[in-house]
Amino acid sequence: MENIMFIAPPAAGKGTQAELLTEKYHIPHISTGDILRDIAKEDSEVGQYVFETLASGNLVKDEITYKLIQERLNKSDCKNGYIIDGFPRTLEQAIEYDKILKNLNYKVGKVILIDIDEKILEKRITGRRVCENCNSIFNINDPENSPEIESVCDNCGGKLYQRKDDNLEAFQRRYSTYLEKTKPIIDHYKNQNVLYTVDGNNSVEKVFEQVEKIINK
Ligand code: AMP
């Protein structure tokens, strides 16, 4: 299967769509945000730095992100395709990613942009809950997507928590970072003829239908 990359503002549903794809197509989901949240739990200088950076809503230093991406893509489970979400996030990272792909003899695959209104994101961000065990994502502000029992994961029974950066203040910083740093990479992939856009203002199921149509093209 071709690799899939998601580009989207915070809380647009890229993690949720990636999870649905993983379930259906059995290819790994690589989320730099998830990997960094694990590093943030480590009792080390790097762990402390990542913890503070994530909570602030700023981007983590490239040297850390590049190292974790290289290590992850080198694993053998990526050979038959993978879903990448959260990387690249800047034009510099996109250029570095092109080099990493070339070295591994991989192709970028399809790049899916989730287009969505800022007002919807603000509503979603405060309701998002994540499973600390399996990283499944729910939203208590969305009846279609809320867990059956509050604070308990429907999929594995794990405990749900609210991300430190899922508050309006950190959201504003993450959203402006997206507009300033991440949006420019859209043209980078448009020029490579690999960019597809879905309307993220719809329900999870409707967005997934659009995603599947793109994958099966
Ligand atoms: P996400 O789960 O994709 O919303 O990412 C959560 C946070 O992790 C971001 O706000 C950044 O602080 C950090 N992060 C994730 N991916 C990257 C990246 N490619 N470069 C730098 N920081 C990142």
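Biologist: Which strand is Y196 found in?

Modeller: Strand β8, residues 195–199. Bear in mind that this is a predicted model.

Biologist: Why does Y196 count as partly exposed?

Modeller: Its relative accessibility is 22%. Buried needs under 20%, and exposed needs over 50%. The value of 22% falls in between, so Y196 is partly exposed.

Biologist: What does Y196 touch, leaving out residues up to four places away in sequence?

Modeller: K110, V111, I112, L113, I214 and K217. As for I186, 10 residues away along the chain, its C-alpha atom is 9.8 Å from that of Y196.

Biologist: How do you know whether H26 is buried or exposed?

Modeller: Its relative accessibility is 65%. Exposed means over 50%, so H26 is exposed. H26 sits in the loop between α1 (14–25) and β2 (29–31).

Biologist: What is the phi of H26?

Modeller: About 55°, which is positive although H26 is not a glycine. S151 also has a positive phi without being a glycine, near 75°. S151 belongs to the loop between β6 (137–139) and β7 (160–161).

Biologist: What makes S151 partly exposed?

Modeller: Its relative accessible area is 38%. That lies between the 20% and 50% limits, so the label is partly exposed.

Biologist: Which residues does a cis peptide bond join?

Modeller: F87 and P88, with omega at about -5°. P88 is in the loop between β3 (83–85) and α5 (91–104).

Biologist: Why is the pair of Y66 and F87 called edge-to-face?

Modeller: Start with the count: there are five aromatic pairs. For Y66 and F87, the ring centres are 6.3 Å apart, and pairing needs centres within 6.5 Å.

Biologist: What does the pair of Y66 and F87 tie together?

Modeller: Parts that are 21 residues apart in sequence. Y66 lies in helix α4, while F87 is in the loop between β3 and α5.

Biologist: How do you know whether Y66 and F87 are buried or exposed?

Modeller: Y66 has a relative accessible area of 16%. F87 has 0%. Buried means under 20%, so both values give buried.

Biologist: What makes the pair of F171 and Y175 stacked?

Modeller: The angle between their planes is 25°, and the stacked class takes planes under 30 degrees apart. Their centres are 5.6 Å apart. Both residues are buried. They are four residues apart in helix α7 (residues 168–182), which puts about one helical turn between them.

Biologist: Which residues do ring pairs link into a cluster?

Modeller: Y66, F87 and Y97.

Biologist: Which residues touch the most other members of the largest nonpolar core?

Modeller: F6, Y82, Y97 and Y189, in a core of 54 residues. Leaving out residues up to four places away in sequence, F6 touches residues including L21, I83, I84, I112, I114 and V211. The list for F6 also holds K14, Q17 and D85.

Biologist: Why is helix α2 called largely enclosed?

Modeller: Six of its eight residues are buried, so the rest of the structure largely encloses the helix, which spans residues 32–39. The buried ones are T32, G33, D34, L36, R37 and I39. Among the elements covering them are β2, α3 (45–56), α4 (62–73), β3 and β7.

Biologist: How many residues surround the ligand?

Modeller: 17, and the closest are K14, T32, N58, G86 and Q93.

Biologist: How much of the ligand does the protein cover?

Modeller: 97% of the 480 Å² of accessible area that the ligand has on its own.

Biologist: What does the side chain of S56 contact?

Modeller: The side chain of N58, through a polar contact of 3.1 Å. S56 is in helix α3. Setting aside neighbours within four places in sequence, S56 is in contact with A170 and R173.

Notes: Residues numbered from 1 in each chain as written. Predicted model: local features only at pLDDT ≥ 70, side-chain atom pairs only at ≥ 80, totals over all residues. Heavy atoms only, no water. Helix = DSSP H or I, 4+ residues; strand = E, 2+ residues; numbered from the N terminus. Buried < 20%, exposed > 50% of the residue type's maximum accessible area, 1.4 Å probe, protein only. Core = buried A, V, L, I, M, F, W, Y, C linked by side-chain atoms within 4.5 Å. Contact = heavy atoms within 4.5 Å. Near = heavy atom within 4 Å. Areas by Shrake-Rupley, 256 points an atom, 1.4 Å probe, with all protein chains shown as cover. Phe/Tyr/Trp six-rings, centres within 6.5 Å; stacked < 30°, edge-to-face > 60°. Polar contact = N/O pair within 3.5 Å; in protein donor to acceptor, adjacent residues only side chain to side chain.
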